[in-house]
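Open the model in your viewer and keep the sequence panel beside it. This tour tells you what to select at each stop and what is there.

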Amino acid sequence: MSTEPKGIAFEKVSAWLESALPDYPPPYEFDLIAAGGSNLTYKVTAGNGSRFVLRRPPVTARVATAHDMQREYRIMSALKNTAVPVPAMLAYCSEVDLSNGEFYCMELVDGLALREQIDCEGMTAEQCAVATESLVDAQVAFHQIDLAAVGLSDMAKHDGYLERQLKRWNQQIVSLGDQGGDQNAGRDLRLFAELHARLSASVPESQQPPGLAHGDYRFDNCILNPDYTVAAVLDWELCTIGDPIADFVWSLNYWAEPGEELTWLLSPPTRYPAFVGRQAVIDQYCEKSGIELGHLDWYHAFSWWKQACIVEGVLARLRQGGGGGMKV
């Protein structure tokens, strides 16, 4: 482990942590536990052996809302003491010059993360059913949260979510094309514009009132308790006020089934044969939320287009070396 991992100005950050977190005294050890092409997450061990998590934006090629640390910190702080399980927030640092980026600290939630199919080895059908139901329960909980009661009603516009998403992610693709340079060499992005036009011309009418949309909800962004219920929902970087159906269908596209070859993850945990199929998840969500899902074909197509936009942005950041040391 490096004394000063990418994204951490060791001496400056250590001095700030010592002042802001008296229960977590120095010296500090930083372990990068999540890099990829998005926000960087570190497990920090304090001098007394206690641990917490520090999270900051990628080093380069940031997306304003997706990498807004204060926003993510605010959301999880607001969800404290609700039916949505989140880690306790510890401190937020707005001093960008301190480490070339804002960051925040939160409690470390120990538990099981189902990131790959191998993580499910040994789980029984009953345990998979518990995990599935708890995953759906947590999503229904944040979709139905009283935004005004938790102080999040002003976080974003309440109408036009699908139109806003189409505009926002299309702008990211356009900006990548405008940047040019080596990181986008040979990338033909015309298909993004073609599909964007088709989706924009056929946006379905809203079927539900706006709710809190996580933006990337799945097992990989949750920590499970020993009994396989959800202990904490993480990674709220894409959260906004939006269409609950769009948010659910996005999650549904992560729910790969055995035998499927084209999947959003390399080794989807839900392809483990003890898990129920995608239709059973739909049935659970509809029953628990009271929502009747319509226009599923449009929502599925929109989700695949949006995922392609995100992956294209991640590729650009990785090519610039902004993914925790990785460069392609």
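Buried means under 20% relative accessible area, exposed means over 50%, and partly exposed lies in between, using a 1.4 Å probe and protein chains only. The model is predicted: local features need pLDDT of at least 70, side-chain atom pairs count only at pLDDT 80 or more, and totals for chains, interfaces and linings use all residues. Residues are numbered from 1 along each chain as its sequence is written, and side-chain values use heavy atoms, with hydrogens and water left out.

**The whole chain**

Start with everything shown as a cartoon. The protein has nine helices and nine strands. These are DSSP runs, numbered from the N terminus: helices are H or I with at least four residues, strands are E with at least two. Of the 328 residues, 50% count as buried. Next, consider contacts, meaning heavy atoms within 4.5 Å. Among contacts in the protein with a separation of 6 or more, 70% join residues 24 or more positions apart.

**Stop 1**

Select Ser14. It sits in helix H1, residues 10–20. Its relative accessibility is 10%, so Ser14 counts as buried. Leaving out residues up to four places away in sequence, Ser14 touches Tyr28 and Phe30.

Now select Pro26 and Pro27. A cis peptide bond joins them, with omega about 0°. Pro27 lies in the loop between H1 and strand E1 (29–34).

**Stop 2: two cysteines**

Select Cys93 and Cys105. How far is the sulfur of Cys93 from the closest cysteine sulfur? The distance is 8.3 Å, to Cys105, too far for a bond. A disulfide here is a pair of cysteine sulfur atoms within 2.5 Å. By this rule the count is zero disulfides. Cys93 has 1% relative accessibility and so counts as buried. Cys105 has 0% and so is buried as well.

**Stop 3: two positive phi angles**

Most residues other than glycine have a negative phi, and most peptide bonds are trans. Select Asn100. It is not a glycine, yet its phi is positive, about 55°. Asn100 is in the loop between helix H3 (96–99) and strand E5 (103–107). At 48% relative accessibility, Asn100 is partly exposed.

Then select His295. Its phi is also positive, about 55°, although His295 is not a glycine. His295 lies in the loop between H8 and helix H9 (296–319). Its relative accessibility is 48%, so His295 counts as partly exposed.

**Stop 4: Arg115**

Select Arg115, in the loop between E5 and H4. Is Arg115 buried or partly exposed? It has 45% relative accessibility and therefore counts as partly exposed. Not counting residues up to four places away in sequence, Arg115 touches Asp220, Ser267 and Pro269.

**Stop 5**

Two packed helices are described by the angle between their axes and the distance between the axes. Axes are lines fitted to C-alpha atoms, for helices over the stretch in contact, and angles run from 0 to 180 degrees between N-to-C directions.

Select helix H4 (residues 125–143) and helix H7 (residues 244–252). They pack at about 155°, with axes 11 Å apart. H4 and H7 are therefore roughly antiparallel. Angles under 35 degrees count as roughly parallel, over 145 as roughly antiparallel, 65 to 115 as roughly perpendicular, and the rest as oblique. H4 passes H7 in a right-handed crossing. A crossing is right-handed if the near helix is turned clockwise from the far one by less than a right angle, and left-handed if anticlockwise.

Show side chains at the contact. H4 supplies Gln139, Phe142 and His143, and H7 supplies Pro244, Asp247, Phe248 and Ser251. They divide into three nonpolar, three polar and one charged. Ala, Val, Leu, Ile, Met, Phe, Trp, Tyr, Cys and Pro count as nonpolar, Asp, Glu, Lys and Arg as charged, and the others, Gly among them, as polar.

**Stop 6: H4 against H8**

Show the side chains here. From H4 come Thr132, Glu133, Val136, Asp137, Val140 and His143, meeting Val281, Gln284, Tyr285, Lys288 and Ser289 in H8. The contact holds four nonpolar, four polar and three charged residues.
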